[in-house]
Amino acid sequence: MCLLLTRQLLLVVRRMFKRHRSLASERRRELISPRATRSILKDDMRNFHFLSQFILSAGPLKSTSAVKHTKTTHFEIEILDAQTKKQICIVDKVTQKSTIHDVKQKFHKACPQWYPSRVGLQLERGGPFLKDNLTVQSVAASSIVTLYFTDLGQQVSWTTVFLAEYTGPLLIYLLFYLRIPYIYDMKESSRRLCHPVVHLACFCHCIHYIRYLLETLFVHKVSSGHTSLKILLKSCAFYWGFTSWIAYYINHPRYTPPSFGYRQVAVSAINFLICEAGNHFINVVLAHPSHTGNNACFPSPNYNPFTWMFFLVSCPNYTYEIGSWISFTIMTQTLPVGIFTLLMSIQMSLWAQKKHKIYLKKFNSYMHRKSAMIPFILKN
């Protein structure tokens, strides 16, 4: 379009210039032939008018915009075996915004025998495993990155771990409570009636693990990561084994009730239900969206009296959990429950102290809370 307009403009200007020269020579003859001069002027004006209309109809001239070429940096990732230092594969064309999870996906395409959740990548041998949400640019010192691969073994999701841990005890206890054959002597079981505390203990035990299952599915924000199959087997062996031991003694035909009778059972049962309710409300507060993220604040107690335990301890969910098992121990008065309660108390105190130190570093307004799990005892 631009070339066509230029050519038309040059032709008109050239023609007008020739006419101008002819007019200069013919002005002398103006008196002789005035009609010829008028016709020439009319032709020039007509041509100029045609050119202006043509330019206006063509619209404004658009300047060609320069094409911007953005240079994208790509990384080349060399993956070595962490034990032998032999090269396994090279993952190329990795962009800056790619994450470690994307690298694992490409590594899985190159080596299908290792699916992403089974792959552990390290910047150096013996170092920590890189998290999936890290970008390649954040760990890269140059365009060529070397990572060390470790086979993490068979993996399972954390949701599967928790559901397996809690479903097993629920079903196992019911099997002993029903006194199925080949567990107890059938004649003795039919001759001896169950004490009311046996029924109450079954109810409390079922309430405890049903709450666990429902909170795992609907309350807790379980990590989307994975863990090894060995951890699942160890956890199931611990919970399932202790449940079998506990249920065998409580539901045995020769089980003897607590020493102080119904008063001991009633008080401990009420305390058990209070601790279960407190544990649930604390877990709801901890799972609230306002207490998560980078700008999170330490969970504060609200109008619910069960949340007021936050005034005294850092991890009230562990406090209520231990309270439930102590109450269950007093209610049933059996040695297996006492041993299980002792082991759980030791483990949860370690978890509570670890979280307590994290809270002290993260929240400045948290310094006045001095206990980790037990009020006025496990101080920092």
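This is a predicted model: local features need pLDDT of at least 70, side-chain atom pairs count only at pLDDT 80 or more; totals for chains, interfaces and linings use all residues.
A crossing of two helices is called left-handed if the near helix is turned anticlockwise from the far one by less than a right angle. Keep that in mind.

Let's start with helix α7, residues 196-218, and helix α10, residues 316-332. Their axes come within 10 Å. The crossing angle is roughly 165 degrees. Anything over 145 counts as roughly antiparallel, so α7 and α10 are roughly antiparallel to each other. And the hand? The crossing of α7 and α10 is left-handed.

Who touches whom? On the α7 side we have Val197, Leu200, Ala201, Cys204, His205, His208, Tyr209, Arg211 and Tyr212. They meet Glu321, Trp325, Phe328, Met331 and Thr332 in α10. By class, the residues of this α7 and α10 contact are nine nonpolar, three polar and two charged.

Next, the other partner of interest, helix α5, residues 158-177. The axes of α5 and α7 come within 9 Å and cross at roughly 160 degrees. That makes α5 and α7 roughly antiparallel as well, therefore. Again we have a left-handed crossing, α5 passing α7.

The α5 contribution to this contact includes Phe162, Tyr166, Tyr173 and Tyr177. From α7, the contact residues include His205, Tyr209, Tyr212 and Leu217.

How are they placed along α7? They sit three residues apart in that helix, about one turn.

On to the rings. How many aromatic pairs does the structure hold? There are 25. I'll show two.

Pair one is phenylalanine 107 with phenylalanine 149. The geometry is tilted, with 5.2 Å centre to centre and 40 degrees between the planes. This pair links distant parts of the chain, 42 residues apart. Phenylalanine 107 is in helix α3, residues 100-110, and phenylalanine 149 is in strand β4, residues 144-151. Buried or exposed? Phenylalanine 107 is buried, at 0% relative accessible area. Phenylalanine 149 is buried too, at 3%.

Pair two is our tyrosine 209 with tyrosine 212. Centre to centre, that is 6.0 Å. The planes are 70 degrees apart, and the pair is edge-to-face. Tyrosine 209 counts as buried, at 1% relative accessibility. Tyrosine 212 comes in at 13%. The cut-off for buried is under 20%, so tyrosine 212 is buried as well.

That's it from me.

Technical notes: Residues are numbered from 1 along each chain as its sequence is written. Side-chain values use heavy atoms; hydrogens and water are left out. Axes are lines fitted to C-alpha atoms, for helices over the stretch in contact, and angles run from 0 to 180 degrees between N-to-C directions. Helices (H or I, at least four residues) and strands (E, at least two) are DSSP runs, numbered from the N terminus. Angles under 35 degrees count as roughly parallel, over 145 as roughly antiparallel, 65 to 115 as roughly perpendicular and the rest as oblique. Contact means heavy atoms within 4.5 Å. Ala, Val, Leu, Ile, Met, Phe, Trp, Tyr, Cys and Pro count as nonpolar, Asp, Glu, Lys and Arg as charged, and the others, Gly among them, as polar. Rings of Phe, Tyr and Trp (its six-membered ring) pair if their centres lie within 6.5 Å; planes under 30 degrees apart count as stacked, over 60 as edge-to-face and the rest as tilted. Buried means under 20% relative accessible area, exposed over 50%, partly exposed in between (1.4 Å probe, protein chains only).
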